Amino acid sequence: MVARLVLVIEHEACIREVLEACLRDLGGWIIVLASSIKEGINLCEQQRPDVILIDTSTPEIDALLFIEELKFYSTKYFVPILLISSRANWLSAERLRQMGFAGVINKPFNPLTLSQHISQTLGWSA
Amino acid sequence: MASSPLGSFRSTLVNLPLGGVVLLPVVPLALGVLALTQHLGSSPGSLATGVLLLGSAIALARVATALIDQRFAHLKQIHQQTEDALRQSEANLLQTQQIAQLGSWELDLVTQSITWSEELFRIFGLNSAHPQLSFDQVMAAIPDGDRERLAVAIDQAIADGSPYEVEHRICRPDGTTRYLLSRGQAKANDSQQIVKLFGTALDISDRKQAELALQESETRFQEMAQTLNQVSYVVSLRSGEYLYISLAYERLWGYSCESLYQDPKSWLKRIYPDDLDYVSETFNQLLTGQQKRIEYRILTANGDVRWVESESLIVKDENGNPLRVVGLADDITHRKQVEATLRDQEAKLRAIGDNLPRGFIYQLVHSPDRGFYYSYISAGIERITGLTPEAVIQNPSLLWDSLIEEDRLMCDQLMQQSLKALSLLETQIRVRNVAEKMQWLTTVAVPRRMEDGSTVWDGVMVDITSLKQAETALRNSEELFRSAFDDAPIGIALISPIGEFLKVNQYLCNLLGYSQKELLELCFQDITHPGDLNQNWQGWPQILEGELSNLEIKKRYISKQGAAIPVLINTSFVHDIDGTPLYCIEHVQDIREQLKVECMKDEFVSIVSHELRTPITSINGSLVLLDSGIYDARPEKARNMLQVAIRNSDRLVRLVDNILSFERLESGKVQLEKEHCQVATLLYQAIDAVQPLADQSGITLALTPLTATLWAAPDGIIQVLTNLLSNAVKFSSQGGTICMNASTERSNAESSDLSVLFTVQDHGRGIPADKLETIFEQFQQVDASDSRRRGGTGLGLSICKNIVEQHGGSIWVESCLGQGSTFFFTVPLGCNER
């Protein structure tokens, strides 16, 4: 099994920490953490992640701009973006795809099944 | 045989014995006939007398005839002796025959020739010089029927020599008919052979006509008596029998007249038992002439009770002894019924008059000599004014004086006017009753002028005091409701079933920006947002039909200025008694504020749920990972996870505290417990609370302490300071400085009271000028995204404001974008307290 590289963009340090623990220690993936979208974009270029997890409820200035940049990257390199949101269930899968997201991670999430959920969403074999 | 009547008469005379006595009966006969003629020519009332005279005349004529017969025979004997006397007699006879209208004749059976006296020719309407007629000619002058009877009598006389007497008619040549009484007798010759008939013919036309007239009169009387509804009766007082009772008896009583003839006492049996005594008594009075009329009831044959009035007269003989009762009885049932009805009606009227609730009826009279007075007042007047009807009738001024003066003047004018023009008297007046309480009365009276020049008003007076009171109450209530309508702090409109504004209040006008006049020319459809019109109409039919009593919708009205104003409409329809919708009442509530608050609430919930989820996610995540056991062999990792959980649970507690304290402060549920506290202590405690946060961001907290004692709730003041400090930390950049100061100052220019002024100054990004006021409102933040990054709830400054205001102080902010903000708040020292 190839170890997947996951980029996590999360401004909340605690959640970042928990996500990292979940995906690395339980999922066995390689995790790259970013505390802002801007930082995430830079890491994409460097690390070439297999998937990007992003919490968009960021207070970051020009967040929208960066998200668009990230989407552009996602399209260009076929790297799926998963949304971390507490309002995820407001949106249908179809709508999410239109918005450029491959799926969603609901807050609060189940840490034990999170990696499994991501694999399923992205069609990765376990 | 003589060829002239005179000759024939002479020859008759020759055979008659003639005596001087013949003249004796002739004179009275002539007088009687003369009198009769006169009577018949005069009034018909003397018919009876005429008949009497006629009777006498006939009787006399008969006697005369007999005497003449006798005397003629005698004359014949003495004819030879006294030629002069004969001639004299002849003349007398002629005259007598003329006067008596009596003709004589002789029929020679052998020659069949007839010899008539001169008078007989006159009776037959022929000239006396007319030649003698044959038997057949004579018989031809007699009409059918009469002729046969006469012929039979003549034949009989010829056959057995018996005399006859036949009444028959003759037809005169001029066409008139006369009645004759013909007598005849046969005369035998010496050998006892019947050779001649002789006799007389008396013109009885006048008598006959009188008889016929009498008969006719009798018939008329009978007819009248039969036809009359009145029962006429004649009762013999001597025998008690009915001499006459008219047929009307059968119609009225239902019993036959015959029954009464048979049993005269039966009339008493028909009297209604209750009236029997009265009738018997009155009947005795009738005999003494005291009473003529009796009214009583009878029981008819078919059991009906009818009223009868009888009027009787006593007929007395010349000695004054009562002979008969003559009278008329009439059916007066109808009259009695009418009378009873009238009595009943009068009683009814009186009862109505006396029992008129809150009123009375009266009759006011004005006569030229007496002026105004009352002829009748019903009992109700006492209930209203306390005056009795009798007292007012006796002294009209009693009522007059109870009138309020100005009403008296007005009333006087109206009465004079009504008197002059016979116009309806209609007015409202006020009187003071005997208890000095004012009463409102209304009156209507109709005048009519009497023949004697007086004027009579029939009127009714009704107490309308309670009505007037109700009117006033209604007016007051109407004013109340009008003001409730006009001054309501909510829009109210009355709207017709097709949507026109019928009435609008000021609030609605202000809300929609239209004047009342403008709005009343519009329909609600005109100013309803097109997008809401369908929804508005949907419930309309149901509420119009009364299926729904109330309709509540939210919609938008478009103001005159074109702004959409969200409103909550409450509509209910007012229907008349038949259920026809009259108009609807619409309550229009401006819900802009409400919507804003709702919107804020939604936002609050959204923010709070988001803010809560973040720590919960961390706590949940770290605990689940710990629980999974993956860190069992890596204690430092496990510890790390635990710290994540602890940090976030702290944050969660803080958040929940904030929300709760805001809610409690806002709802006024918590009164802050005030006490004397040192300002410096409060400042230090606040610094201590925020220090860790500041350290995290490398921010320096600078403090200028103040020694002063404050009457305040320490926890409250510390919370305000902490909130302001942590805000300042959140918005300060790394390594910045936050200054906190406290100083005493006058509460205001006029007052000597002192306040403590606290300031918290940062050098953050600052607040835009338009937000300086609103940031103290709940959920107001400079930037919605702030809450995410700074962990704020949007409640912090609201809480501060609430606490400061509860201390009687105020809070504000000064700021310069990009340079920083300074928050100020004052708290009165409150040294005078406790």
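Predicted model: local features only at pLDDT ≥ 70, side-chain atom pairs only at ≥ 80, totals over all residues.
Where is A:Phe78 found in chain A? A:Phe78 is in the loop between helix H3 (63–77) and strand S4 (81–85) of chain A. We'll come back to that loop below.

**How confident is the predictor?**

For the complex, the predictor gives an ipTM of 0.84 and a pTM of 0.40. Chain B has an average pLDDT of 82, and 87% of its residues score at least 70. Over residues 16–26 of chain B, pLDDT stays under 50, and the model has 37 contacts beyond four places in sequence for them. Residues 783–791 of chain B also stay under 50, with 15 contacts beyond four places in sequence.

**Where the chains meet**

On the chain B side, 22 residues are in contact with 17 residues of chain A. Three elements of chain B give two or more residues each to this side: helix H23 (592–628), helix H24 (635–667) and helix H27 (786–790). H23(B) gives the most, with 13 residues. By type, the chain B side divides into 11 polar, six nonpolar and five charged residues.

**A five-strand sheet in chain B**

Now for an open sheet in chain B, whose five strands come in the order S7-S6-S10-S9-S8, with antiparallel pairing. Its edge strands are S7 (242–245) and S8, each of which pairs on one side only. On average, neighbouring strands of this sheet are turned by 25° against each other, direction ignored.

One pair to look for is B:Tyr233 with its bridge partner B:Ile245 in S7(B).

S8(B) and S9(B) make a hairpin with five residues between the strands, where B:Gly303 takes a positive phi near 90°. Helix H12 (residues 276–287) of chain B lies across S8, S9 and strand S10 (322–331) of chain B, and runs at about 150° to S8(B).

**Another set of strands in chain B**

Further along chain B, strand S27 (residues 820–828) pairs with two strands named here. Seven bridges join S27(B) to strand S25 (residues 754–761) of chain B, and the two run antiparallel. In this pairing, B:Ser755 stands opposite B:Pro828. Strand S26 (residues 811–816) of chain B is antiparallel to S27(B) too, with six bridges between them, and B:Ile811 stands opposite B:Phe825. S26(B) and S27(B) form a hairpin with three residues between them, and B:Gly818 in the turn has a positive phi of about 80°.

| Helix | Residues | Span, first to last C-alpha | Expected span |
|---|---|---|---|
| H8(B) | 205–227 (23 residues) | 32 Å | 33 Å |
| H18(B) | 465–486 (22 residues) | 31 Å | 32 Å |

Why does H18(B) lie largely in the open? Of its 22 residues, the number buried is zero, so H18(B) is largely out in the open. H8(B) has two buried residues out of 23, so it also lies largely in the open.

Is A:Phe78 buried or exposed? A:Phe78 is exposed, because it has 7 other C-beta atoms within 10 Å, and 12 or fewer counts as exposed.

B:Gln112 is not a glycine, yet its phi is near 60°, a positive value. B:Gln112 is in the loop between strand S1 (102–108) and strand S2 (113–116) of chain B. B:Gln112 is exposed, because it has 10 other C-beta atoms within 10 Å.

Finally, there is a cis peptide bond in chain A, from A:Lys107 to A:Pro108, with omega near -5°. A:Pro108 has its place in the loop between strand S5 (103–106) and helix H5 (114–122) of chain A.

Terms used
Residues numbered from 1 in each chain as written. Chains lettered and ligands numbered in written order. Contact = placed C-beta atoms within 7 Å. Helix = DSSP H or I, 4+ residues; strand = E, 2+ residues; numbered from the N terminus. Nonpolar A, V, L, I, M, F, W, Y, C, P; charged D, E, K, R; others polar. Pairing = 2+ DSSP bridges. Expected span 1.5 Å × (residues − 1). Buried ≥ 20, exposed ≤ 12 C-beta atoms within 10 Å, placed from the backbone. pLDDT = per-residue confidence, 0-100. Axes fitted to C-alpha atoms, helices over the stretch in contact; angles between N-to-C directions.
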